[in-house]
Amino acid sequence: MTRYCMYCGAEFTPKNTVGRPPKYCKRSCRQRRYEEARRSLPVGWKTDFLEVHGSKCYLCDNPLTEATMTVDHVRPLSRGGSDTLANMAPACVTCNLEKAARLIAEL
Ligand SMILES: [Zn+2]
Ligand SMILES: [Zn+2]
């Protein structure tokens with residue numbers, strides 16, 4: 001079964017045919033696609049984003065500003081989470097690192 005990469009358009013044959021078929025020929029294509037999606041967010045989205053979440057870290061409730069917040073994927077991309085604002089929440093650096101460390105430990 002041949003597919004076409006949604007990023008670079010290259011023809012590729014998925015190695016793993018179990019489950020959802022891959023949309024990209026390689027990992028870096030998927031990452032670039034995600035990066036571009038993020039860059040296309042509207043100007044000022046951080047302000048709205050923080051406001052929606054109460055201007056605080058969604059994990060520890062520490063107050064956050066646009067300068068101190070990091071964006072956390074509630075459901076990690078590696079677990080099938082989407083790279084959209086619906087799956088993102090503001091987190092402080094500490095929590096974001098801790099969460100990442102925990103996920104790695106779980107693997
Ligand atoms: Zn590709
Ligand atoms: Zn926090």
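1. The model is predicted: local features need pLDDT of at least 70, side-chain atom pairs count only at pLDDT 80 or more, and totals for chains, interfaces and linings use all residues. Residues are numbered from 1 along each chain as its sequence is written, while chains are lettered from A and ligands numbered from 1 in the order in which they are written.

2. Ala91 also belongs to the largest nonpolar core, together with Cys57, Leu64, Met69 and Cys92. Such a core is a set of buried Ala, Val, Leu, Ile, Met, Phe, Trp, Tyr and Cys residues joined through C-beta atoms within 7 Å. Of the 107 residues of the chain, 8% are buried (20 or more other C-beta atoms within 10 Å of the residue's own, with C-beta atoms placed from the backbone).

3. The domain assignment, automatic or from a database, places residues 1–40 in domain 1 and 43–107 in domain 2. Their centres, taken over C-alpha atoms, are 25 Å apart.

4. The chain has 3 helices and 4 strands, in the order β-β-α-α-β-β-α along the sequence. Both are DSSP runs: H or I of at least four residues for helices, E of at least two for strands.

Terms used:
Buried ≥ 20, exposed ≤ 12 C-beta atoms within 10 Å, placed from the backbone.
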